Amino acid sequence: MKILAANRLIDGIAVWLGPNGNWVEDIRDADVVRDATGEEQLLATARDAFGNNLIVDPELIDVDLIDGEVIPRRLRERIRAAGPSIHPNLGKQAARNAVVHLT
Amino acid sequence: MYRYDEFDYAVVKARVDQFRDQVARRLSGELTEDQFKPLRLMNGVYLQLHSYMLRIAIPYGTLSSTQLRMLAVIARDYDKGYGHFTTRQNLQFHWPALKDVPDILDKLASVEMHCIQTSGNCIRNVTADHFAGAAADEMADPRPYAEILRQWSSLHPEFSYLPRKFKIAVTGAERDRAAVQVHDIGLHLKKDAEGNLGFTVYVGGGLGRTPFVAKKIRDFLPEQDLLAYVTAILRVYNLEGRRDNKYKARIKILVHETGTAELTALVEKEFAHLKESELKLPESDIRAIETYFAPPVLPHRPEGDAVIARAIAEDAGFAAWARRNLQTHKNPDYASVTISLKGIGEVPGDMSAEQMDVVADLADEFAFSEIRVSHEQNLILPHVARADLKQVYDRLKAADLATANAGLISDMIACPGLDYCALANARSIPIAQGIAERFADQAVQEDIGDLKIKISGCINACGHHHVGHIGILGVEKKGAELYQVTLGGSGDENAALGDIIGRGFAEDEIVDAVDTIVKTYLAHRQDRHESFLSAYQRLGLAPFKEALYGSDAKVA
Ligand code: SF4
């Protein structure tokens with residue numbers, strides 16, 4: 001399973017591609033795809049958004065769905081989805097009562 | 001302090017205007033990301049995990065109270081209320097929006113600061129001893145030379161597209177507190193037999209993927225030849241350095257592959273052409289720059305000893321702080337104060353906007369408005385009357401800035417690591433916090449004595465782990481964080497790279513591993529005067545291996 005991560009051009013904030021081509025700030029709203037066709041669709045939308053100067057550094061990342069929640073495989077992406085592990089009051093984890101799955 | 005002249009002002013102002021235009025054109029789509037990325041990097045703007053990061057140069061680690069106050073303003077108005085001091089004597093903001101960066105740069109320019117050459121394959125911020133101009137063991141203040149190098153290297157057309165980045169460090173004291181031997185060029189100021197000032201020149205030091213201690217290529221370079229000689233080195237590197245492989249492009253690889261003798265010959269040959277050129281520094285110019293760095297007039301304050309004796313008797317916290325965080329000053333009535341940014345459980349090098357304001361106020365009231373940033377991620381008040389130390393301590397304490405741990409085990413270097421950095425493999429900061437908490441007890445720390453732990457979150461080694469007495473390198477193995485440990489590294493005048501002890505430790509094992517290493521030292525040291533590093537040099541890896549891995553060690 002994959003989702004597409006990027007940073008927003010104007011402020012650098014981490015975003016993910018949601019359904020309907022919207023860029024979402026909360027990983028729980030990301031569009032999860034399960035096959036090559038889905039991946040290609042995400043990449044095509046991201047290429048457009050990159051070309052339209054909305055986002056930079058688009059990248060497909062591996063995730064699992066655990067209890068209905070999108071959890072990236074790599075720690076790097078889990079930290080990106082939550083915020084610095086040392087500052088629970090900063091980043092996305094501050095804006096919501098996110099469960100931060102670091103391990 | 002050095003004050004910008006009209007050229008400095010004009011250059012920095014023009015650069016801000018240029019970048020404002022570039023950002024606008026990027027946001028409108030006129031510039032593509034491929035076109036824009038090198039431009040933003042030239043202005044210190046990186047993209048990290050959560051956001052952009054802005055890296056601000058603090059030339060040779062010298063800051064005024066006005067500048068620090070402006071950093072606090074930026075932290076509050078454009079970031080999340082704090083900044084991070086790095087091992088390069090820079091300050092990084094972790095959360096600026098690209099659209100705001102031109103305004104931030106304008107604010108910085110108003111206090112004579114900028115982000116130029118904090119990225120890219122150019123000559124980076126020149127670093128220096130953080131006790132420069134104050135330390136009792138100093139031969140001469142290294143900062144005038146660092147400033148000359150800064151002026152010469154800023155936007156230098158010949159050296160703006162080097163094979164790789166290039167770092168120069170200068171120290172003027174007997175003890176090397178600027179780690180000059182792990183820089184591309186290290187300059188150690190000294191006097192010859194006739195009392196003339198000059199430099200011992202080291203080339204090709206560096207950490208990262210392929211660490212090297214620099215090679216000495218000149219015992220004594222007269223001060224007037226500084227620019228001619230450094231130009232000669234850069235010219236040889238620019239022509240001969242490898243551009244085919246990013247990982248082999250630093251001058252350390254050129255020195256290694258060419259051989260020190262041959263490289264020295266190439267440099268000396270180039271130098272022979274340049275020696276009598278316009279690069280020769282006129283004595284009057286050197287002395288003119290020096291006047292900017294003249295120490296403040298320090299009033300006679302002989303009452304210090306009595307005040308301190310009383311404070312020590314009354315306040316154990318002050319006594320500990322006075323034992324650890326004071327550096328002997330040239331003037332016996334004064335001391336240099338280390339403000340530890342390593343409070344137990346805090347993030348090494350982080351400072352809140354409120355704390356910045358407190359330190360700026362203290363600098364104005366007690367320290368001639370001067371502040372220094374150390375490569376060990378602490379701040380320094382270089383000239384404080386000993387008679388005022390108790391007042392300074394009390395005010396620092398109220399701002400959580402009086403941790404009495406300078407040079408102790410909890411005074412660690414840690415890079416931002418995977419909590420922020422896009423290049424990281426593992427986190428650094430939580431490891432530093434875990435170690436600091438384990439050794440939080442003041443008596444325990446002081447019993448262990450001088451011990452430098454340095455932690456990097458990847459092989460790029462921003463946390464200088466190779467030269468830590470205990471070095472910790474985070475790697476990723478099978479999707480998990482793993483920490484490799486080295487022992488015996490040193491970044492001082494006897495620079496050495498640490499030895500890898502053995503297999504790495506998981507995130508939940510590494511603090512225990514450090515604990516075991518420290519206990520082994522305590523068990524084996526001859527007495528309290530034998531430091532960790534000296535004990536390691538005498539004992540070697542064996543007892544530490546045995547303690548960490550048991551009988552496995554003998555097999556490994
Ligand atoms: S050492 Fe690696 S992880 Fe740490 S700041 Fe440097 S590049 Fe990032």
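Reader: Which residues form one aromatic cluster?

Author: In this predicted model, one aromatic cluster is made up of Tyr521(B), Phe532(B), Tyr536(B) and Phe544(B).

Reader: How many aromatic pairs does the structure hold over all chains?

Author: Over all chains there are 17 aromatic pairs.

Reader: What describes a pair of aromatic rings?

Author: Two values are used: the distance of the centres and the angle of the planes. Take Tyr4(B) and Tyr9(B): their ring centres are 5.6 Å apart and their planes stand at 75°, so this pair is edge-to-face. An angle over 60 degrees is what puts a pair in that class.

Reader: What class of pair do Tyr334(B) and Phe368(B) make?

Author: The planes of Tyr334(B) and Phe368(B) are at 45° and the ring centres 6.4 Å apart, so the pair is tilted. Tyr334(B) belongs to strand S12 (residues 334–339) of chain B, while Phe368(B) is in the loop between helix H12 (353–366) and strand S14 (370–373) of chain B; the pair therefore ties together parts that are 34 residues apart in sequence. Tyr334(B) is buried, at 4% relative accessibility, and Phe368(B) is partly exposed, at 32%.

Reader: Which charged end sits over the ring of Tyr247(B)?

Author: That of Arg209(B), 4.1 Å from the centre of the Tyr247(B) ring. In another case, Lys80(B) lies over the face of Trp95(B), at 4.8 Å from the ring centre.

Reader: How much space lies in the second largest pocket, and which residues are the closest to its centre?

Author: The second largest pocket holds about 840 Å³ of space. It is lined by 34 residues, and the closest to its centre are Arg175(B), Glu376(B), Gly407(B), Asp450(B) and Lys452(B).

Reader: Which elements give two or more residues to that lining?

Author: In chain B they are helix H11 (316–324), strand S11 (326–328) and helix H17 (532–539). H17(B) gives the most, with three residues.

Reader: How do the lining residues divide into nonpolar, polar and charged?

Author: The lining of the second largest pocket has eight nonpolar, 15 polar and eleven charged residues. Gly counts as polar in this division.

Conventions
Residues numbered from 1 in each chain as written. Chains lettered and ligands numbered in written order. Predicted model: local features only at pLDDT ≥ 70, side-chain atom pairs only at ≥ 80, totals over all residues. Heavy atoms only, no water. 1 Å grid on protein atoms, 1.4 Å probe; cavity = no way out; pocket = protein on both sides within 12 Å on 5 of 7 lines; lining within 4 Å. Points joined across faces, edges and corners; volume = space filled by probe spheres on them. Helix = DSSP H or I, 4+ residues; strand = E, 2+ residues; numbered from the N terminus. Phe/Tyr/Trp six-rings, centres within 6.5 Å; stacked < 30°, edge-to-face > 60°. Buried < 20%, exposed > 50% of the residue type's maximum accessible area, 1.4 Å probe, protein only. Lys NZ or Arg CZ within 6 Å of the ring centre and 35° of its normal.
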